[in-house]
Structures are given as C-alpha cells and as structure tokens.
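Take a look at the two chains below.

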Number of protein chains: 2
Amino acid sequence: MNPFHRVSIIGVGLLGGSLAKVMRKLGLAKSIIGYGRNKETLYKAKNLNIIDDIAHDIQSAAKDADLIVFCSPVQTIGQLAVEISPHIKSGCLLTDVGSTKEELILEMEKIIPDKASFVGVHPIAGSEMSGFQASSITLYDGAHCIVTPTDKTDPSALKKIIELWETIGAKVSSMSPKEHDFIFGAISHLPHVLIFALMNTLGSLKSENHDQITYFAGSGLRDITRIASSEPVMWRDICTSNKDSILYCLDRFQETLNLLRSGIEQKNELLLTEQFKNANKHRLNLLL
Amino acid sequence: MNPFHRVSIIGVGLLGGSLAKVMRKLGLAKSIIGYGRNKETLYKAKNLNIIDDIAHDIQSAAKDADLIVFCSPVQTIGQLAVEISPHIKSGCLLTDVGSTKEELILEMEKIIPDKASFVGVHPIAGSEMSGFQASSITLYDGAHCIVTPTDKTDPSALKKIIELWETIGAKVSSMSPKEHDFIFGAISHLPHVLIFALMNTLGSLKSENHDQITYFAGSGLRDITRIASSEPVMWRDICTSNKDSILYCLDRFQETLNLLRSGIEQKNELLLTEQFKNANKHRLNLLL
C-alpha cells in the first residue's frame with residue numbers, strides 16, 4: 001500500500017509502540033509523530049528511531065497528519081478528539097485500537113469534522129503486559145483485528161484501514177460496534193471479571209494453619225490467573241464503557257454456574273459428567 | 001533411601017506412570033508391578049522396562065508388595081483396597097496420589113489391616129493431560145507434594161513416604177486431610193468449576209452474525225480455559241468427594257463476584273480500580 005505521509009500515534013505504549021515499530025519496518029509511514037503523557041517513553045522511542053518526532057501538545061500532534069491513531073486509554077479518546085478537532089487537516093483518517101467500541105464510536109461521530117473520517121478498530125493483541133517496553137514488531141502478526149464500521153463510515157476510509165491492518169499481518173474481520181462489544185464482552189471482558197474475582201477470593205481466604213493458601217498452587221492456577229495482572233485503570237474503563245454486555249454475559253455465566261453448583265450440592269454425577277464433557281468439547285473448538 | 005523390594009502401582013496413567021519412571025531411574029524399587037484397566041498401556045510400560053511385571057488381577061498386585069501406590073481415580077480406591085485387604089503382607093506401606101483426601105482417608109483407615117499402614121499423599125502435578133503417554137520422569141520435579149497424616153498414621157510409615165517424595169524431588173508439606181481439602185477446594189477445585197462454567201457459557205453464546213464467538217478469542221482465553229480440557233470423570237469425582245469445601249469456596253467467590261457486578265452496574269470507578277489493584281497484588285504473590 002502507499003505509505004502515509006505523516007502518522008500521529010497518540011499514546012506510545014504496548015499497542016501504539018508496536019504499531020509504530022511495524023509501520024516503520026514495513027515503510028508504511030514517511031514520518032511518525034508520537035504523543036503521550038510519558039515523556040521518557042517518547043524520548044526512548046525517538047532515540048530508537050521508532051518515531052521521528054515528539055509532539056509536545058495534542059494540537060501539534062494532529063496538525064498536518066494524514067493518519068491519527070488513538071492508542072491511549074478508551075476513556076481519554078473523546079476529550080483528545082475534541083481538542084484536536086479544529087486542527088485536523090482535510091482528508092485525515094482517524095482510527096483507534098480500543099477494546100470497546102460502541103460508546104466511543106457514537107461519541108467520535110459527533111466530534112470528528114466532515115472533512116475527516118473515523119474508523120473504529122480493535123486489534124486482539126493486548127496482554128497483561130503494558131507500556132512501550134513490552135511493545136514488539138510482531139505483536140499484531142496473525143492476530144485478529146476487528147474493524148467496526150457504521151452506516152456513517154466513509155467506505156474509502158474503511159478500505160484504507162483494512163488494507164493497513166492486513167499489510168501489518170492481522171486477520172481482519174468486520175462487524176458492527178454493537179456486535180463487537182457483545183462478543184468481546186463475552187470472550188474477553190467476562191473472563192477478566194471472573195478471574196479478577198477469583199484472584200481476590202483466593203487472596204483473602206485463609207486455612208487453619210496457612211494465611212496464604214495460594215502458596216500450594218500448581219501451574220494451572222498461575223496460567224488461569226495471568227490476566228489478573230491486567231492494568232486496573234484500563235479494565236475499569238472497559239467495565240464502565242461496556243457495562244450492558246458485561247452484565248448480560250455475567251448473568252448467562254451465573255445460570256451455568258448455578259447449574260454446576262446444584263450438581264455438586266446434589267452429587268448429581270450424570271449432570272457433572274455431562275457438563276464437564278461439554279466444556280472439553282467447547283475448549284477443543286477454541287484450539288481449532 | 002533404601003529401595004523398596006516390590007512396588008505395586010495401581011493405575012499406570014499420568015501420575016502412576018511418572019512415579020514408576022522416576023522410581024526406576026533413581027533405583028527406588030527392586031521390582032515394579034503395574035496393575036490397571038488398560039492392558040495396552042501396561043504392555044507398553046513393560047516393553048519400555050518401566051514396570052517389571054503386569055498383575056492380571058488386583059490380588060496378585062497386592063501380594064508380596066512392600067509398597068502399594070493407588071494412582072487410580074479416587075472413587076475406585078476404597079473398593080480396590082477392600083479387595084486386596086486379605087492379601088496385603090505384614091509391614092506393607094500403602095499410599096495414593098489422589099486430589100481429595102478426607103473422605104478417602106476415613107474410608108482407608110477402616111479398610112487397611114493393622115499389620116499395614118496407609119499414608120495419604122497428593123502430589124500437585126496433574127494437568128489437563130492424562131494417561132500414560134503424558135507421563136514423564138520430571139513430572140514431580142520441584143512440585144509441591146502434600147502428605148496428610150491423621151492421629152492414626154504410623155509415624156515411621158509417614159517418615160518413609162516423606163523420604164520417598166523428597167528423594168523424587170518434590171517439596172513436601174504436611175497438613176490434615178481436612179485442611180488439605182479446604183486449601184485445594186479453593187486453589188484448584190473452585191477454579192476448575194469456574195472455568196468449566198465459563199467455557200460452557202461461551203460455547204453456547206451466539207452473537208447476531210456469529211454462532212461461534214470464541215473464534216475471535218486472543219491468547220488470554222486459550223490460557224485461562226486450558227483446565228476446561230480436564231478429564232470429566234476425575235473432576236466429577238473430585239466435585240462429589242470434596243463437596244463441602246467446594247460449595248464453601250463457591251459462596252466466597254460469589255460474594256466477591258457480586259461486589260464486582262454491583263461496581264460495574266453502578267459504574268463505581270473507585271471500587272473497580274481498587275478491586276483490580278487488589279487482584280494485581282494477589283497475582284504477584286502467586287509468582288513469588
């Protein structure tokens with residue numbers, strides 16, 4: 001694809017840093033401007049030649065850019081967009097990498113001026129790690145990437161964004177912001193909420209002679225609680241901005257858990273075996 | 001330590017096979033007899049020189065053995081012990097590797113004759129894999145191993161069993177069967193029940209245009225659902241034999257989950273951040 005002239009990355013952390021690295025490597029940007037709260041990170045990225053320049057205010061980050069990518073926490077994007085709105089050049093393409101989409105896109109479609117376009121994107125490539133030091137040129141390689149157009153999305157802007165992510169090596173799927181938030185409410189946000197709750201339950205339980213019972217845990221518990229190390233502020237924002245889907249999924253989970261609980265209480269061997277066999281089957285699907 | 005003369009492994013699967021392999025390697029048994037339902041596995045183990053002989057019935061497995069290790073599903077051990085009881089030689093040491101202890105040990109203390117001793121053991125080394133083909137010489141290396149003596153346990157038998165597992169390379173801790181079942185109800189059985197329930201919830205949820213929403217999952221979901229591949233019959237038995245502890249832990253989890261749910265419902269940012277920070281802290285403890 002033709003390179004962008006001036007790409008502005010707002011938030012040079014895990015996702016923004018990885019995007020800058022891979023765009024640089026593939027020659028997808030003639031120049032890359034970084035903006036962020038952490039000045040040390042920006043100087044580091046500049047010294048490593050991952051960004052060409054540091055924008056010291058959000059307005060100069062927007063000025064002259066033909067691609068602006070919001071990689072900052074979802075809750076900050078609306079306000080930043082308001083601040084740069086008068087400075088966006090005509091034909092500028094704006095996008096993001098946030099984990100929740102519906103609320104943000106409704107907001108962005110009100111803020112972004114007609115002469116520019118916004119396309120919502122969610123690359124499935126985060127982890128419990130965060131920050132520029134965790135960023136990598138291969139983060140998006142083979143990862144799912146969801147674009148979430150609405151009936152207001154400019155088709156040529158959408159096409160360009162899809163081309164960008166496919167060039168980077170991601171598997172792009174398109175769906176509505178609403179369907180995105182439902183699906184990720186289920187397969188990402190629900191598991192995070194459950195694991196946060198599990199970790200807090202186990203962290204506070206004590207036995208007769210042991211104050212920290214997780215001392216005896218095997219590798220299974222370490223694996224499944226990895227996501228309990230995820231960034232609190234990011235997950236607070238995800239929980240509030242995708243409230244409805246998460247509550248819906250929590251209720252579906254609660255029904256399944258209640259069924260299992262009653263199976264255990266009644267020592268219903270048939271039900272338990274059937275439920276566990278089902279789980280085996282669904283887990284196998286996940287690996288295909 | 002002095003080697004055992006004749007060790008009988010009842011159930012040559014992941015745990016029994018690994019125990020036979022490491023005892024053979026370290027010269028801890030002059031001869032190893034295997035017994036199990038799967039004849040093919042037993043011939044394979046014999047051909048690989050991991051066991052010396054196959055016992056074709058449980059009585060001949062017990063005869064002349066000075067160490068009998070039950071590595072078969074917990075629910076089968078009581079009945080097997082009844083069948084071998086008249087054939088156990090004087091001074092024989094009996095032990096097991098089961099995941100739940102209190103119910104089993106109460107039962108075994110009634111069955112095992114006074115001339116022999118039983119010591120309950122739980123090496124924390126299982127996984128979602130099972131069967132002899134998954135067994136390994138290093139399975140117990142550095143693993144926690146819980147011995148669960150009662151006031152009826154013969155001190156010299158206990159000492160021998162601790163020595164055996166320490167020689168194998170496990171980190172041995174001692175606690176009552178009741179405390180064991182409480183701790184593992186919390187750190188192992190509760191997480192399994194939750195992940196089984198999560199997997200079944202996600203496996204049956206559909207979105208507007210996608211019947212299998214887990215298609216879009218990232219590596220996080222694959223990691224945390226690994227234990228949803230665990231063996232259904234083994235987990236049915238664990239759930240019924242450790243019912244009380246699991247129900248207690250489920251109730252504690254439910255309280256924590258309800259708190260998080262209300263935080264999401266009310267968009268209580270302070271509560272959510274605090275809960276997630278706590279989870280970060282507890283998870284860090286798990287890695288120390």
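What rotation and shift superpose chain B on chain A? A rotation of 180° does it, with 0.0 Å of shift along its axis and an RMSD of 0.0 Å. That is the relation of a two-fold axis. In chain B, the C-alpha nearest the axis belongs to B:I224, 2.0 Å from it. The superposition is by least squares on C-alpha atoms of residues with pLDDT of at least 70 in both copies.

This is a predicted model: local features need pLDDT of at least 70, side-chain atom pairs count only at pLDDT 80 or more, and totals for chains, interfaces and linings use all residues. Residues are numbered from 1 along each chain as its sequence is written, and chains are lettered from A, ligands numbered from 1, in the order in which they are written.

Now the contact. Chain B gives 78 residues and chain A gives 78 residues (residues are in contact if their C-beta atoms, placed from the backbone, lie within 7 Å). Helix 7 of chain B gives the most to the chain B side, with 18 residues. Helices are DSSP runs of H or I, at least four residues, numbered from the N terminus. Of the interface residues of chain B, 100% are also interface residues in chain A, so the copies meet through the same surface.

Helix 10 of chain B covers residues 243-265. Its buried residues include B:C249, B:F253 and B:L260 (buried: 20 or more other C-beta atoms, placed from the backbone, within 10 Å of its own). Their cover includes helix 10 of chain A and helix 11 of chain B. Just after helix 10 of chain B, B:K267 takes a positive phi of about 45°.

Definitions and conventions: Contact = placed C-beta atoms within 7 Å. Helix = DSSP H or I, 4+ residues; strand = E, 2+ residues; numbered from the N terminus. Expected span 1.5 Å × (residues − 1). Buried ≥ 20, exposed ≤ 12 C-beta atoms within 10 Å, placed from the backbone.
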